[in-house]
Every structure is written in C-alpha cells, then in structure tokens.
Amino acid sequence: MNFTVGFKPLLGDAHSMDNLEKQLICPICLEMFSKPVVILPCQHNLCRKCANDVFQASNPLWQSRGSTTVSSGGRFRCPSCRHEVVLDRHGVYGLQRNLLVENIIDIYKQESSRPLHSKAEQHLMCEEHEEEKINIYCLSCEVPTCSLCKVFGAHKDCEVAPLPTIYKRQKRQDLTLLPRLECSGTNTTYCSLDLLSSSDPPVLASQNTKIIDSELSDGIAMLVAGNDRVQAVITQMEEVCQTIEDNSRKQKQLLNQRFESLCAVLEERKGELLQALAREQEEKLQRVRGLIRQYGDHLEASSKLVESAIQSMEEPQMALYLQQAKELINKVGAMSKVELAGRPEPGYESMEQFTVSVEHVAEMLRTIDFQPGASGEEEDEEVALDGDEGTAGPEEERPDGP
C-alpha cells in the first residue's frame, strides 16, 4: 500500500522544505528547535532545555539556576561533534542565543502548512483513495491503510485493527529496552509499559505518551553522559599515547647525544694519533732531506774540483801548470778525506710502530645496550660533568704515542 502526505499545495517544494526542516532539528530531542535556541562555541545549536538536560546529566552536583548558592560552572560535550563546552557559573543560561535560527524557524512556520513540531501530527493519505486518511492497520499485510481499502479495496479479506492500538502496542515493544527511570522531583518510579496501558482514556494516554517522551529524553541525556565518560577515558588514553611519544622523542634525543659524544671522543683521539704520526713523519723527512742536501753539496764540490783538475792538465805553460797542479793535488786529497754523515739505518722508513688495535674496543662498543632505571642518574652525572667542565682548567696534554 502506497500513501502520500496530505498537504498537496506544498508538494512542489516538499523536498526543499524537508531539507530545511532537517537543518532545524535538535540533535537531542530530535524535534524542531524550541525557543530559546542557544549556540555552542563549536557553532552547533541546541534547545536551551535540551542543553540544560545534557548539562545536568553531565554535572549532577551543579546547582540549578534558582538556587541561592553560587556554583562555579561546569562542562559538557556537544552531542554533534563531541567538542567540550565549558560554562561559567550561569550554566546554559550563559550561552548566547542564536536569534538567526529562531527567526528562520518563525519564517518556516509561517510559510509551511505542515505541522513542524512532530511528524506524527502529519495526516497520511491513501494513494488509491486520495480523500481518505490512513486510520487502520492491516495485520495480515502489516501495512497502514484506509477504511475504503478494507471495505472495497485490496484489504477487504484481511484482519485489521485501529491504528492507535497498533501504535501503542509497537510503542510498548520499543520501550521494553528502556530501564525504569525515577521521575525528577518525586520518589515515584514509573514503568514505561505501565504508562501505555490500553485501558487509559485518550487524554491520559496522551499525558502518558508525553511522560514517556520525557523519560526517553532523560535516557538520552544519561546515554550522552555515559558517552562523555567514555570520551574522557579515550582522552586519557590519547594523553597516554602523547606522553609515550614525548618520552620516546626525549630518549631518542638523549641516545643521539650519547652516541654523538662517543663519536666526538673517537674523533678527538683519532686527531691526536694523526698528529703524532704527522710529527714523526716530519722529523724523519727533515733528517733524510738534510742528508740529501749534504750529499748533494759534496757531489757538487767534487764535480767542480774534477773540472778544475781537467782544465789544469790542459794548461800549456809549464810554470803555471806546476803552480796550479800542487794546489789541486792538495784539494783533491782533502776532498777524498771528507767524511759524510751516516745514511739512515735499515728500517728507518718503517712506520709500523703507529699501528692501532681497535678490535677489543669495537667488541666493547657492540655490547652497548639500554640500562632501565639509569636515565635519571646519567642525567645527573651529565649535569655534574657540565659543571666541572665550566670550572676546570685546561686539560693536560695527552701522550702522542698510541
């Protein structure tokens, strides 16, 4: 059975009006916003009554507005985005009213012929009999229908029942999941099933329905409060995760600093050993190069003496030859008797004495591991060492040898 909503003049704008109506629904009571409408810091809107219900559920010890004592305010979470709303001592009455939304609601009510406070007030019309309202329920087909469909239509052989009776029965079934809620202001506990007794007169049934709706709102507020507690636990665990990340970052920085300091020690020692090796190299090179210069000077002088002797032997004048020859003989004799410095001993060029063994150091470095509980002590030692370095004098020069 198909049926349509019975307000034909607005069918052309029904879709747009429905979209507008969805934007004007309170997320707590699921009805059109009722004045006054308050806007939260997260820019979501609530009925002030619904906001107060959620706030009271989240802050059961908070004093009411009419109390003579002064409260310090409280907090609750937005039911739409879970943003935490912090209130001052005025509670929800300190929230700013959203006059724009209230004006939109007024305009919507003026322009729309559809009842806006409850979709249950809309009259559904039968599609086959356009002038007939849906007022009975087909138990065989399990669909709402109209009286003409029972008399002349497709449901004439089906078992039917009044629509309000089926509505109450279904309402009772849906409310079996609701706990017994204590009415605020009294010590009486109502049962949701007792409030929908089929023996109640229509007026009392309507009152009972309102009471059940109030209980449902209270139940929603309790669920929201429970969600707040769960959200608080989630927030705590998120804080634990953040703390773990911060501590890990701190330990990584400390570990990098330790290894950088260790590398600095190795670099410093390597520089010292390289300097010692360079000094030894320079000393040996200076000695050998000095010998080379000495031997070179002797070779040059000897070569010049040989040339002088050859030129003297070619002298044609006998007197001059005899005079020069005696002098040259003395110089040659003296040159042959010159003793040169000794050559470097065998193995003088070797530098094997500067070999460094690092196998045991490398093996010791491979044993570096974490020491739980030693971080605080090491930090104290670092602080003490930093203080000692600031007051100590220049370090003694380390030995150049390996």
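Trainee: Which residues make the nonpolar surface patch of about 550 Å²?

Mentor: This is a predicted model, in which local features need pLDDT of at least 70 and side-chain atom pairs count only at pLDDT 80 or more, whereas totals for chains, interfaces and linings use all residues. Residues are numbered from 1 along each chain as its sequence is written, and side-chain values use heavy atoms, with hydrogens and water left out. A patch takes residues with over 30% relative accessible area and no salt bridge, joining like charges within 9 Å and nonpolar side chains (Val, Leu, Ile, Met, Phe, Trp, Tyr) within 5 Å, with areas from the Shrake-Rupley method, a 1.4 Å probe and, for residues, only the protein chains shown as cover. The patch is made by Leu255, Phe259, Leu266, Leu365, Ile368 and Phe370.

Trainee: Which helix gives the most to the nonpolar patch?

Mentor: Leu266, one of the residues that make the patch, is found in helix 6, helices being DSSP runs (H or I, at least four residues) numbered from the N terminus. With three residues in the patch, the element that gives the most to it, spanning residues 202-313, is helix 6.

Trainee: Is Leu266 buried, partly exposed or exposed?

Mentor: Buried means under 20% relative accessible area and exposed over 50%, with partly exposed in between (1.4 Å probe, protein chains only). Because its relative accessibility is 45%, Leu266 counts as partly exposed.

Trainee: How far apart are N and O in the salt bridge of Glu272 and Arg269?

Mentor: Being three residues apart in helix 6, Glu272 and Arg269 are separated by about one helical turn. Glu272 counts as buried at 19% relative accessibility, whereas Arg269 is partly exposed, with a relative accessible area of 26%. Their side chains meet in a salt bridge with an N to O distance of 2.9 Å.

Trainee: How far apart in space are Gln281 and Met351, C-alpha to C-alpha?

Mentor: Gln281 also lies in helix 6, and at 42% relative accessibility Gln281 counts as partly exposed. Although Gln281 and Met351 are 70 residues apart in sequence, their C-alpha to C-alpha separation in space is 8.4 Å.

Technical notes: Salt bridge = Lys/Arg side-chain N within 4 Å of Asp/Glu carboxyl O. Helix = DSSP H or I, 4+ residues; strand = E, 2+ residues; numbered from the N terminus.
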